[in-house]
Amino acid sequence: MAVLEQKEKRKHVDILREFRASFFSMNRLASFPWTFIEAELQSNKSSEFTSELLKQTCLHPLCETFPPSVRFRRLFLTELIKRQEAAGCDPLDELYDALAQVVGVEETPDCYKSYFLPNGDAISLLESIALISEGTTGLVTWEAALYLAEWTLENQQVFTGRSVLELGSGVGLTGITVCRSCNPLRFVFSDCHSTVLEKLRENVRLNRLGEETSPAIRVDDLDWTTVTEEQIRRIRADTVIAADVVYDPDVAGSLVKLLLKILDCSSAEAQPEIYICTTVRNPETYGDFKLQLEAAGLNHEVMTGPVGAVFPYNRLAPLELIKVFR
């Protein structure tokens with residue numbers, strides 16, 4: 001009996017952790033483990049589990065400092081109340097109080113999303129609610145960045161003690177994951193859109209990283225079409241990473257030229273390792289990128305090793321990670 005109770009308790013803890021991760025990253029509500037909640041409420045007719053769930057979501061201290069969007073919290077609480085009432089459980093005052101706090105509150109264009117690392121620490125990011133904002137898609141975290149971040153956690157040796165350059169950092173999830181978990185010597189975030197850079201610098205600050213911290217951090221305005229060899233040599237990158245940067249044929253062409261320039265600026269004995277992660281939305285565009293790599297004399301290898309599921313996101317998305325080299 002004790003073994004069964006222990007097993008059930010572990011299951012509860014895992015479900016609460018899954019709800020917490022999905023809530024703070026504003027994952028699709030349909031992907032939450034509602035079936036377990038329904039079974040739990042039906043069997044116990046108690047509000048105790050709902051109370052625990054609230055403590056891991058809307059009443060968690062992180063929600064005070066870095067709250068998900070008002071609309072998302074409202075939808076989440078409404079769904080939770082619907083499940084609670086359908087199970088015939090006693091009303092829970094703190095559940096309705098939490099909903100009252102977000103009803104009628106005006107939505108802002110930005111919100112916070114938080115992503116939990118394996119050690120329990122959270123990376124909190126200021127992101128845009130809209131997928132496309134101010135003419136850029138760089139103000140939100142995309143699947144490729146989440147997958148690449150998970151890959152970095154599995155392959156920390158690629159970053160430990162090294163100088164790392166991230167191209168198209170966006171709001172900064174992958175880079176901050178590397179800085180918090182992989183012990184690089186230096187890390188250079190980069191982008192070229194002014195609003196993205198502003199939000200990126202804010203997120204780096206929110207996560208207590210900077211020039212005076214370890215690792216030493218920089219956020220660079222790096223235009224792929226105008227960057228000079230001198231700028232590249234100053235960065236002295238041992239490892240280069242990028243996520244979701246192959247979405248347009250023109251951008252892909254600029255990226256290939258930049259990668260070639262980065263490799264040309266390094267000695268043959270100390271070529272940087274380059275990793276590009278892509279959500280393949282348009283196979284033709286992605287195929288053209290690979291052809292351009294080949295035309296430039298660059299090889300690539302698809303990285304197929306297992307990656308542990310750390311962050312909640314759509315794992316059915318067509319993701320591919322490649323290593324680029326001469």
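Predicted model: local features only at pLDDT ≥ 70, side-chain atom pairs only at ≥ 80, totals over all residues.
Which residues in H5 are buried?

## Helix H5

H5 covers residues 70-86. Its buried residues are Val-70, Phe-72, Arg-73, Phe-76, Leu-77, Glu-79, Leu-80, Ile-81, Arg-83 and Gln-84. When you look at how those positions are spaced, keep one thing in mind: an α-helix has 3.6 residues a turn, so residues three or four places apart point the same way.

As for its length, H5 has 17 residues and spans 24 Å from first C-alpha to last, close to the 24 Å expected at 1.5 Å a residue. After H5 comes Gly-88, with a positive phi near 75°.

## H2 against H3

Helix H2 takes in residues 34-44, and helix H3 residues 48-55. The two pack at an angle of about 145°, and their axes are 9 Å apart.

On the H2 side, the residues that meet H3 are Phe-36, Ile-37, Glu-40 and Leu-41. H3 answers with Phe-49, Thr-50 and Leu-53. Sorted by class, that contact has five nonpolar residues, one polar and one charged.

## H11 against H12

Further along are helix H11 (residues 249-264) and helix H12 (residues 283-295), which pack at an angle of about 25° with their axes 9 Å apart. With that angle, H11 is roughly parallel to H12. The crossing of H11 past H12 is right-handed.

From H11, the contact uses Pro-249, Ala-252, Gly-253, Leu-255, Val-256 and Leu-259. H12 brings Thr-285, Asp-288, Phe-289, Gln-292 and Leu-293. By class, you get seven nonpolar residues, three polar and one charged in the contact of H11 with H12.

## Lys-113 in strand E1

Is Lys-113 buried or exposed? Its relative accessible area is 15%, which is under 20%, so Lys-113 counts as buried. This lysine sits in strand E1, residues 110-116.

Setting aside neighbours within four places in sequence, Lys-113 is in contact with Phe-24, Ser-25 and Met-26, and also with Ile-123, Ser-124, Leu-125 and Glu-127.

## Gly-308 in a loop

Where is Gly-308 found? Look in the loop between strand E8 (299-302) and strand E9 (319-325). Gly-308 has 25% relative accessibility and counts as partly exposed.

Leaving out neighbours within four places in sequence, Gly-308 is in contact with Glu-150 and Glu-154. Leu-319 is 11 residues from Gly-308 along the chain, and the C-alpha atoms of the two are separated by 15 Å.

How values were computed:
Residues numbered from 1 in each chain as written. Heavy atoms only, no water. Axes fitted to C-alpha atoms, helices over the stretch in contact; angles between N-to-C directions. Helix = DSSP H or I, 4+ residues; strand = E, 2+ residues; numbered from the N terminus. Contact = heavy atoms within 4.5 Å. Nonpolar A, V, L, I, M, F, W, Y, C, P; charged D, E, K, R; others polar. Parallel < 35°, antiparallel > 145°, perpendicular 65-115°, else oblique. Left-handed = near helix turned anticlockwise from the far one by under 90°. Expected span 1.5 Å × (residues − 1). Buried < 20%, exposed > 50% of the residue type's maximum accessible area, 1.4 Å probe, protein only.
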